[in-house]
Amino acid sequence: MKKYTITVNGTAYEVLVEEGASGSAAPAAAPVSAPAATPAPVPTPAAAPVPAAPAGAQGAIQVKAPMPGTILKMNVKVGDKIEPNGLVCILEAMKMENEIFSENGGTIASINAPVGTSVQTGDVIITLN
């Protein structure tokens, strides 16, 4: 027999399980008092610091990579004006070409991931003013 302690809705139960017993019912579970001390809550880790924006890009809007991949084509250059939902670049991920759009309009302040750059999810591709 194996003895297990199972907690359901804060109440601990001891359960005995008989191995290899076919056709026989397991004994009923008996409630056991819950542990006296509850573990202290684990502090949540502080958010990672956000990298500093390029010079002159204070309050800039960032277009980030939605998935890991490689920048195949950049459709904008620094100084270009872009409309909301404007095409920014083509990102190759899992052998598929994905169009990356900017949710906001503005002027391209910097290109942080030029053509050929490998990016991870959340990496900044461009910043807008």
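In which strand is Tyr4 found? Tyr4 belongs to strand E1, which covers residues 2-8; strands (E, at least two residues) are DSSP runs numbered from the N terminus.

Before we go on, a word on the source: this is a predicted model, in which local features need pLDDT of at least 70 and side-chain atom pairs count only at pLDDT 80 or more, while totals for chains, interfaces and linings use all residues. Residues are numbered from 1 along each chain as its sequence is written, and side-chain values use heavy atoms, with hydrogens and water left out.

Strand E1 runs antiparallel to strand E2 (residues 11-17), and seven bridges join the two. Strands count as paired if DSSP finds at least two bridges between them. Together E1 and E2 make a hairpin with two residues between the strands, and Asn9 in the turn has a positive phi of about 50°.

Back to Tyr4: its relative accessibility is 40%, so Tyr4 counts as partly exposed. Here buried means under 20% relative accessible area, exposed means over 50%, and partly exposed lies in between (1.4 Å probe, protein chains only).

**Salt bridges**

How many salt bridges does a search of the whole structure find? The search finds two, where a salt bridge is a side-chain nitrogen of Lys or Arg within 4 Å of a carboxyl oxygen of Asp or Glu.

| Salt bridge | N to O distance | Relative accessible area |
|---|---|---|
| Lys3 and Glu14 | 3.4 Å | Lys3 55%, Glu14 31% |
| Asp80 and Lys77 | 3.5 Å | Asp80 22%, Lys77 54% |

The side chains of Lys3 and Glu14 meet in one of these salt bridges. This pair links distant parts of the chain, with Lys3 in strand E1 and Glu14 in strand E2, eleven residues apart.

**The four-stranded sheet**

Further along, an open sheet of four strands has the order E8-E7-E5-E10, with antiparallel pairing. E8 and strand E10 (118-119) stand at the edges with a single partner strand each, so one side of each is left without a neighbour in the sheet. Inside the sheet, strand E5 (residues 69-74) pairs with strand E7 (residues 86-93) over four bridges, and Thr70 stands opposite Glu92 in E7.

A polar atom of the Asn98 side chain lies 3.3 Å from the backbone oxygen of Met96. Leaving aside residues up to four places away in sequence, Asn98 touches Met67, Cys89, Ile90, Leu91 and Ala93, where contact means heavy atoms within 4.5 Å.

**Two loop residues with positive phi**

Most residues other than glycine have a negative phi. Asn85, however, has a positive phi of about 65°; this residue sits in the loop between strand E6 (81-82) and E7, and is exposed at 56% relative accessibility. Lys95 has a positive phi near 60°, lies in the loop between E7 and E8, and is exposed with a relative accessible area of 79%.

Key. Polar contact = N/O pair within 3.5 Å; in protein donor to acceptor, adjacent residues only side chain to side chain.
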